[in-house]
Structures are given as C-alpha cells and as structure tokens.
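Kindly read each point with the model in view.

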Amino acid sequence: MESKKPACIERVMSKSTGLNRSMKMKAAVMTGVGGTIGTGLFLSSGDVLATAGPVGAILLYIIGGVIAWLMTCCLGEMSAAMPVAGSLQAYTTEFIGPAMGFTIGWVNWVGGAATISAQVVASAIIMRDIIPNSPTWMWIIVFAVVLFGVNLLDAKLFGNISFWASTIKILMIVAFIIVGAAMAFGGFGSEGTAVGSESLLGENVSLLAICGCVLTAFYAYAGTEIVASTAGELEDEKKMGKAINTTIAVLIAAVVLCIVIVCLLLPADQADVLGSPFVYIFRNAGLNGAALVVNIVVLTSALTSGNYFVYGCARYLWSMAKFGQAPKFFAKTSKKGVPVRALLVSMIFGMLAIIAEFVAEDTVYLFIVYFIGGGNIFMYSVICIDQYRFRKRYIAEGGKVEDLPYKTPLFPLVPILGVIAFALMLVATLVDPGERLGILVCAICYTCIFIGAKIFVKKKGGEAANIDL
C-alpha cells in the first residue's frame with residue numbers, strides 16, 4: 001500500500017494541473033542545456049576575458065559552475081518530489097510564504113522576459129556582424145515572430161525541436177573544443193595569434209577585475225533552473241532528478257572547456273562584447289569560412305536560448321495565475337495544452353529589446369545582463385532557502401528522506417553554502433559601477449514587487465501554509 005504523501009507536497013501538486021505530460025526526459029535535459037547555453041557563453045565571455053584576463057575568466061566560470069551546482073542540487077530535490085510547472089513560485093509560496101512566492105514568481109518572470117530581450121539583442125548584434133549595416137529593428141521583428149510561432153506548438157513537438165536544436169548546439173561545442181585544442185596544442189591554424197599556456201601561467205590576476213565580472217560570468221549559467229519548468233509536462237515525473245543532474249553536468253563541462261580554449265587562443269586585448277570571441281579566434285587563424293559557421297552557430301544558440309525562455313516565461317505566468325498571484329486570464333490553455341495568453345504577454349514584454357535600436361546594442365545588452373544577474377542572485381538564494389525549509393517540513397509531516405526521488409547531497413551544508421555563495425557574489429558585484437547600477441535597479445524593482453505582494457496577500461489572503469519550523 002502506497003504511503004500518504006506529506007501535506008506540503010499534496011498542496012503544491014494540487015495547484016499545478018492542466019498541462020499535458022508528453023515531454024521525454026532527454027528533451028527536458030536539452031531544454032535546460034539549450035536554454036542556458038547561449039550568449040552568456042558565446043558573447044558575454046568576450047567582456048569577461050577582456051576585463052578579468054584569461055586566468056581570471058577561467059576561475060570565474062569554474063566558480064560559477066560550482067555555485068550553479070549548489071543551487072541546482074537544492075532545486076533537484078524539490079522538483080523530483082513535486083514536479084510542477086512554475087516550480088520556483090510554487091515552492092516559495094508553500095515553504096516561505098504567499099508574499100514571497102508572489103514576489104519570486106514575478107522576479108522569475110521579469111528576469112526571464114529580460115533574458116528574451118538579451119538574446120534578441122545579441123542575435124541582432126551577431127546578424128550585424130554577418131550582414132554589415134543591416135537594420136537591428138528588422139531582425140528583432142523577425143526573431144520575435146519565429147520565437148512566438150515555435151512556442152505555439154504542443155509540449156511534445158516543442159520538446160522534439162528543443163532536443164534536436166540543442167543537440168546540434170552541443171555537437172558544435174564539441175567540435176569547437178576539438179578544433180580549438182588542435183589550434184592551441186597541435187599547430188592547426190598556426191598563422192593565427194594564440195595566447196599559449198605559458199602566458200596563462202605567468203599572468204597576474206586582479207581580484208578587483210574578477211569581482212567586476214562576477215555577474216557577466218555567472219550569466220553563462222543563468223537559466224539552469226529552466227529545466228524545472230518542464231516538470232509539469234514531463235512524461236515520467238520520476239526522472240526529474242536525473243534530468244536536473246544531467247543538465248548541470250553537461251553545462252559545467254561545456255562552459256569550462258570552451259572558456260579554457262578561448263583563453264588559450266584569444267589575447268584579452270582582442271576580446272569585447274561587439275562580437276563573439278569564438279568567431280575572433282577563427283578570424284585570427286585566417287579561417288574566415290569557419291568564422292562564418294561559428295557566427296551562425298552563435299546566432300542559433302542565442303535564438304534557441306531565447307526560445308526556451310519564452311517557453312519558461314509562459315509557464316511561470318500560467319502557474320502564477322493558477323495560484324491566484326496573476327490574473328486568472330493567464331490560466332487559460334489552448335486545446336494543445338499551451339498557455340497562449342501567458343505566452344503572448346511574455347513575448348510582448350520581452351520585446352523591450354527594441355530599445356536597442358535607439359541605444360547602443362552592446363550597452364543595452366550588458367545592462368540587461370547585469371539586471372538579470374541581480375535577479376538571479378536573489379532568486380537562487382531563495383531556492384536554497386526553499387529546499388532547507390522543504391526538507392524540515394517534509395520530515396515534520398511524516399515523510400522519510402529515503403523515499404525522496406532525489407536527495408540534495410550533504411544536507412544541510414549545500415543549501416547553507418549556496419546562500420553564503422550568493423551573498424558573497426552580491427558583495428563582489430558592488431565593485432563594478434555597471435554591475436552596481438544593475439543591482440540597484442533590481443533592488444528597487446523587486447522591493448516594489450514585494451511591497452505590492454504584501455498588500456495583495458493581506459487583502460486577498462494566502463492559500464499556502466506557512467509553518468515556521
């Protein structure tokens with residue numbers, strides 16, 4: 001006889017029904033990988049290399065991967081136990097309180113919509129590099145229509161497209177690592193400029209420069225949590241933990257190896273955010289045909305990443321509507337189970353990227369990255385707190401740790417280290433004026449959301465329990 005689930009799990013699960021469970025585990029993994037690997041790696045890494053230097057850049061991406069792992073372990077336990085769409089908002093509502101759940105839901109949605117903007121701006125920058133003097137506004141419109149159209153598909157078809165698009169992206173990354181290693185150590189493309197391992201070992205690392213790139217480097221891992229948004233549509237919900245573990249392992253390996261190759265082959269003074277450092281490497285080597293191919297791959301990566309965030313944002317807004325934290329209007333789905341209304345509004349908000357047509361694209365892009373980074377520090381800290389409180393509540397309500405489909409390792413050390421790591425990251429960002437401005441704007445926006453949430457919850461009343469253990 002199956003044991004009764006603790007009340008906290010039943011409450012969260014009961015609020016998140018209505019989507020079709022038709023997505024395969026491999027598609028969920030590729031949604032997470034594809035949604036994360038994008039311009040944070042292929043474009044922003046140029047700014048990190050130029051500012052922090054090769055050794056500083058490698059250290060930042062390794063540290064970022066470890067911190068992302070801490071958060072993902074916490075998310076993995078909750079997503080495996082309670083596989084629901086809009087998971088971050090649902091968990092926070094239950095384990096911290098309705099007001100904070102309201103806040104984290106909207107923080108997640110705003111950050112996701114801003115990421116759509118960042119990917120579209122980056123795509124326009126890349127297209128301008130491929131086709132010089134082409135109008136930015138034209139590419140923004142074209143890409144917006146494509147992203148919206150793909151997201152009108154049902155979850156199974158979307159998952160299949162996501163899988164193959166991300167598979168191609170991963171294959172291209174593997175190819176870059178192999179070719180890049182041949183260029184660095186085997187003499188392939190030797191007419192190009194290479195940094196070399198000797199230069200790396202002798203470089204002085206500036207702590208201030210590293211602190212000034214914390215948000216930009218961590219942006220390469222922003223979106224790791226999007227794999228959890230597939231939980232409500234995963235065909236076999238018991239595979240959620242495996243999906244999250246596989247996602248973070250692939251991400252860390254891909255990002256760190258790529259950054260090492262970039263730092264070996266591209267001098268820091270040749271890197272910037274006006275083009276991909278991956279493209280610069282092949283141009284330096286005289287391989288212009290390869291540079292064009294890489295540019296196309298980077299463009300595809302930006303668009304697929306933006307595509308996943310369109311998917312995630314629609315589910316976040318749909319979930320908030322189901323919890324009464326957004327208008328019920330957004331809880332409506334099509335016959336295919338697609339939350340079309342939430343999708344449309346998310347897409348419209350994400351098109352703030354049009355501002356880039358009137359302001360310098362690189363400036364807009366970096367500010368959006370900083371803004372997203374500030375929101376992620378807050379959101380990921382809350383995930384760690386959620387997991388800590390979930391485990392305590394789960395045990396108090398009679399649950400057994402050995403029954404959890406996935407267990408956060410080294411509990412409670414991992415969630416505690418996660419909160420500390422994000423706090424240190426926040427302090428580090430205050431060194432750089434650009435990152436400091438992004439954090440300030442984040443703080444103002446999200447404080448206003450929280451105040452509004454407190455007023456809303458006090459007026460409407462909270463639906464989730466908030467047992468203080």
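1. Leu417 counts as partly exposed because its relative accessibility is 37%; buried means under 20% relative accessible area, exposed over 50%, and partly exposed in between (1.4 Å probe, protein chains only). Leu417 is found in helix α17, where helices are DSSP runs of H or I with at least four residues, numbered from the N terminus.

2. This is a predicted model, in which local features need pLDDT of at least 70 and side-chain atom pairs count only at pLDDT 80 or more, while totals for chains, interfaces and linings use all residues. Residues are numbered from 1 along each chain as its sequence is written, and side-chain values use heavy atoms, without hydrogens and water.

3. In the loop between α16 (361-396) and α17 lies Pro412. The peptide bond from Phe411 to Pro412 is cis, with omega near 5°. Leu410 lies in the loop between α16 and α17 as well, and its phi is near 55°, a positive value in a residue other than glycine. Leu410 is exposed, since its relative accessible area is 61%.

4. Asn133 sits in the loop between α6 (98-130) and α7 (136-150). Its phi, near 70°, is also positive in a residue other than glycine. Asn133 counts as exposed because its relative accessibility is 76%.

5. Which residues does Phe390 touch, leaving aside its neighbours within four places in sequence? Phe390 is in contact (heavy atoms within 4.5 Å) with Cys8, Ile9, Glu77, Met78, Ala81, Met82, Phe95 and Leu404.

Technical notes:
Helix = DSSP H or I, 4+ residues; strand = E, 2+ residues; numbered from the N terminus.
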